[in-house]
Amino acid sequence: MSWSASKTASATTRRLWDQADVDAAVAQHERFLKGARGGQRAFLQYADAPGLDIRRRLLNDADFTGANLENAMLAGSHFERA
(Lines give C-alpha, C1' and ligand atoms only; values in the text may rest on other atoms or scores of the structure.)
Protein backbone atom coordinates (compact mmCIF):
# COMPACT_ATOMS: atom_id res chain seq x y z
CA MET A 1 0.00 0.00 0.00
CA SER A 2 1.36 3.40 -0.90
CA TRP A 3 1.81 6.17 1.64
CA SER A 4 -1.08 8.20 0.21
CA ALA A 5 -3.43 5.21 0.33
CA SER A 6 -2.52 4.37 3.93
CA LYS A 7 -2.86 8.02 4.97
CA THR A 8 -6.31 8.18 3.37
CA ALA A 9 -7.40 4.93 5.00
CA SER A 10 -6.26 6.06 8.44
CA ALA A 11 -7.94 9.46 8.03
CA THR A 12 -11.41 7.97 7.43
CA THR A 13 -13.95 7.99 10.20
CA ARG A 14 -16.15 4.96 10.62
CA ARG A 15 -19.62 5.27 12.14
CA LEU A 16 -21.95 2.55 13.36
CA TRP A 17 -25.35 2.79 11.66
CA ASP A 18 -28.45 1.18 13.15
CA GLN A 19 -31.60 0.15 11.26
CA ALA A 20 -33.31 3.53 11.88
CA ASP A 21 -30.29 5.44 10.49
CA VAL A 22 -30.22 3.35 7.32
CA ASP A 23 -34.01 3.47 6.87
CA ALA A 24 -33.98 7.28 7.10
CA ALA A 25 -31.04 7.67 4.69
CA VAL A 26 -32.54 5.24 2.17
CA ALA A 27 -35.97 6.89 2.32
CA GLN A 28 -34.38 10.28 1.56
CA HIS A 29 -32.34 8.68 -1.22
CA GLU A 30 -35.44 7.14 -2.80
CA ARG A 31 -37.12 10.57 -2.74
CA PHE A 32 -33.96 11.99 -4.38
CA LEU A 33 -34.16 9.40 -7.17
CA LYS A 34 -37.84 10.19 -7.77
CA GLY A 35 -37.19 13.95 -7.77
CA ALA A 36 -39.46 14.42 -4.77
CA ARG A 37 -39.18 17.17 -2.17
CA GLY A 38 -36.92 16.32 0.76
CA GLY A 39 -34.78 13.93 -1.24
CA GLN A 40 -31.05 13.67 -0.74
CA ARG A 41 -28.44 11.35 -2.22
CA ALA A 42 -27.28 8.67 0.23
CA PHE A 43 -23.64 8.90 1.30
CA LEU A 44 -22.78 5.89 3.45
CA GLN A 45 -19.01 6.10 3.13
CA TYR A 46 -17.24 3.97 5.73
CA ALA A 47 -20.55 3.17 7.42
CA ASP A 48 -20.59 0.14 9.69
CA ALA A 49 -24.01 -1.38 9.02
CA PRO A 50 -23.63 -5.14 9.42
CA GLY A 51 -26.68 -7.38 9.44
CA LEU A 52 -29.24 -4.70 8.59
CA ASP A 53 -32.33 -5.18 6.43
CA ILE A 54 -31.99 -3.20 3.19
CA ARG A 55 -34.18 -5.45 1.03
CA ARG A 56 -36.19 -4.21 -1.98
CA ARG A 57 -34.82 -0.64 -1.90
CA LEU A 58 -33.76 1.75 -4.66
CA LEU A 59 -30.09 2.51 -4.07
CA ASN A 60 -28.98 3.56 -7.54
CA ASP A 61 -26.20 6.18 -7.37
CA ALA A 62 -25.75 5.80 -3.59
CA ASP A 63 -22.16 6.04 -2.29
CA PHE A 64 -21.05 2.97 -0.31
CA THR A 65 -17.31 3.63 -0.44
CA GLY A 66 -15.68 1.53 2.29
CA ALA A 67 -19.01 0.58 3.87
CA ASN A 68 -19.29 -2.61 5.93
CA LEU A 69 -22.56 -4.31 4.98
CA GLU A 70 -21.50 -7.77 6.14
CA ASN A 71 -24.49 -10.10 6.54
CA ALA A 72 -26.88 -7.31 5.50
CA MET A 73 -30.03 -8.44 3.70
CA LEU A 74 -29.91 -6.84 0.24
CA ALA A 75 -32.15 -9.10 -1.89
CA GLY A 76 -34.21 -7.25 -4.47
CA SER A 77 -32.41 -3.91 -4.04
CA HIS A 78 -31.16 -1.91 -7.01
CA PHE A 79 -27.52 -0.76 -7.01
CA GLU A 80 -26.93 0.66 -10.50
CA ARG A 81 -23.95 3.05 -10.44
CA ALA A 82 -23.72 2.68 -6.66
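These notebook entries record what I looked up in the structure shown above.

**Entry 1. Basis of the model**

I note that this model is predicted, so that local features need pLDDT of at least 70 and side-chain atom pairs count only at pLDDT 80 or more, whereas totals for chains, interfaces and linings use all residues. Residues are numbered from 1 along each chain as its sequence is written, and side-chain values use heavy atoms, with hydrogens and water left out.

**Entry 2. The chain as a whole**

I looked up the secondary structure and found two helices and two strands. Along the sequence they follow the pattern α-β-α-β. Helices (H or I, at least four residues) and strands (E, at least two) are DSSP runs, numbered from the N terminus.

I then turned to burial. Of the 82 residues, 24% count as buried; buried means under 20% relative accessible area, exposed over 50%, and partly exposed in between, with a 1.4 Å probe and protein chains only. The chain exposes about 5,300 Å², of which carbon and sulfur atoms supply 52%. Areas come from the Shrake-Rupley method with a 1.4 Å probe, and for residues only the protein chains shown count as cover.

For contacts (heavy atoms within 4.5 Å), I recorded those with a separation of 6 or more: residues 24 or more positions apart account for 36% of them.

**Entry 3. The largest nonpolar core**

Which residues of the largest nonpolar core touch the most other members? I found Trp17, Val22, Leu44, Ile54 and Leu59, out of 13 residues in that core. Helix α2 (residues 19-34) gives the most to this core, with three residues. A nonpolar core is a set of buried Ala, Val, Leu, Ile, Met, Phe, Trp, Tyr and Cys residues joined through side-chain atoms within 4.5 Å.

I followed Leu59 further. Not counting residues up to four places away in sequence, Leu59 touches Val26, His29, Ile54, Phe64, Ser77, His78, Phe79 and Ala82.

**Entry 4. Helix α2**

I checked the length of α2. At 1.5 Å a residue, its 16 residues should span 22 Å, and the end C-alpha atoms are 22 Å apart, which agrees. The expected span is 1.5 Å times one less than the number of residues.

Which residues of α2 are buried? They are Val22, Ala25, Val26, His29 and Glu30. These residues lie on the same side of α2, because they cover an arc of only 140° around the axis. The arc is that of the directions from the helix axis to the C-beta atoms. The face turned away from the buried side carries the exposed residues Ala20 and Lys34.

I also inspected both ends. At the start of α2, a side-chain oxygen of Asp18 reaches to within 3.2 Å of the backbone nitrogen of Ala20. Just after α2, Gly35 takes a positive phi of about 75°.

**Entry 5. Asp21**

Asp21 is in helix α2 and is partly exposed, with a relative accessible area of 26%. Leaving aside neighbours within four places in sequence, I found Asp21 in contact with Arg15 and Leu16. The side chains of Asp21 and Arg15 make a polar contact at 3.3 Å. A polar contact is a pair of N or O atoms within 3.5 Å; within protein, one must be able to donate a hydrogen and the other to accept it, and residues adjacent in sequence count only if both atoms are side-chain atoms.

Is Ser77 buried or exposed? Ser77 is buried, with a relative accessible area of 13%, and its place is in the segment after β2 (47-48). A polar atom of the Ser77 side chain lies 2.5 Å from the backbone oxygen of Ile54. Beyond four places in sequence, Ser77 touches Ile54, Arg55, Arg56, Arg57 and Leu59.

Asn60 is also found in the segment after β2, and counts as buried at 16% relative accessibility. Not counting residues up to four places away in sequence, Asn60 touches His29, Leu33, His78, Phe79, Glu80 and Arg81.

Most residues other than glycine have a negative phi. I therefore noted two residues here. Arg56, which is not a glycine, has a positive phi of about 55°; Arg56 is exposed, with a relative accessible area of 61%. Phi of Asn71 is positive and near 60°, and Asn71 is exposed at 65% relative accessible area.
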